[in-house]
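Trainee: I would like to go through this structure and ask what stands behind each term.

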Amino acid sequence: MSNSPEQHPGPLISVVTVTRNLIEAGRGDQVLAALDSVQAQTFRNVEHVVWDGQSTDGTQELLEGAIQKIEKSGDLIPVRYFCEADKSLYDAMNQAVARCTGEYVLFLNSDDLIADADSLANVQKAIVPGKPDFVYGETVFFDDEGNRRHARRLTPKSILQRLPFGHNAMVLKRSLFLEMGGHDLQFQIAADYDMVLRMILSGHSGHRLQMPVSLFRIGGVSADTDAAGAEMAASWLKNYGQFCDMSRYTDEDRLGWYRQGHLPVRVSGAILMKSLSNPAIARAALYSLSKTLRRKAQFWRSY
């Protein structure tokens, strides 16, 4: 955890939303709702950075019209709009963060919502005065039929196997995001997991907010579980080599870990033994190890 010795000159929080050809995807109304959910916030020391990847289906015009309408309102949260080329979803996020002026960044997908009007006010209370590296809250998953599922069981200890909290329910220091090089663009689906894994493996710590920060619409890029599993397996290959020899495991081996929901004893044990000086990672490795041993004892389980 790090402290900021000076008052940050810009807004406290930059909300980042990236878009491309949303009308073609049938998501025009959803991005308008996302914009409204930011404007509805009672905490106003915020900017909303909207990045469009040069849409060709009318999304540019939709966004420009919505932003003009916001600008004509009274007490607005500033919307900074960029329409430039990008290589992918995560490249767009990286470029947008580079344009942000906030001390912290929150990624809000174009079809998701900030949970309620006081969500960013609650985030602000968690940030000040300690200024943690990141703050993570709860996510409510929802669909267009009105079904909802509130994810409350959050623990960074699960980071070695999965993303322990929603990407869009976390605010992190912009300086930290830039220091880490942003999202790794070799990943098209799991770059958010890889970024959070690298952040925690580097010893950065956060603060838990025990209330929803975001509403996550079910579906989207990460809905392809096989592709997501392959990318998480690739992230493990990339990040766990500092703890053990990952060359002994094949791509299919690591994909199997994803499907089973736990790491091999040898991998968890190696991470534990080399992380004793890093309590957060040692706790995660111990959690992973205990989960693996518990699963092995459940001989009736099939994967």
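Mentor: The answers below set each value beside its definition.
Mentor: This is a predicted model, in which local features need pLDDT of at least 70 and side-chain atom pairs count only at pLDDT 80 or more, while totals for chains, interfaces and linings use all residues. Residues are numbered from 1 along each chain as its sequence is written, and side-chain values use heavy atoms, with hydrogens and water left out.

Trainee: How many helices and strands does the protein chain have?
Mentor: There are ten helices and nine strands, counted as DSSP runs (helices H or I, at least four residues; strands E, at least two) numbered from the N terminus.

Trainee: What share of the protein chain is buried?
Mentor: Buried residues are 54% of the 303, where buried means under 20% relative accessible area (1.4 Å probe, protein chains only).

Trainee: Which residues touch the most other members of the largest nonpolar core?
Mentor: Val 16, Leu 160, Met 170, Trp 236 and Tyr 240 do, in a core of 53 residues. Helix H6 (residues 191-201) gives the most to this core, eight residues.

Trainee: Why is that called a nonpolar core?
Mentor: Because the term covers buried Ala, Val, Leu, Ile, Met, Phe, Trp, Tyr and Cys residues joined through side-chain atoms within 4.5 Å. Another core, of 22 residues, lies apart from it and includes Leu 120 and Val 123.

How values were computed. Buried means under 20% relative accessible area, exposed over 50%, partly exposed in between (1.4 Å probe, protein chains only).
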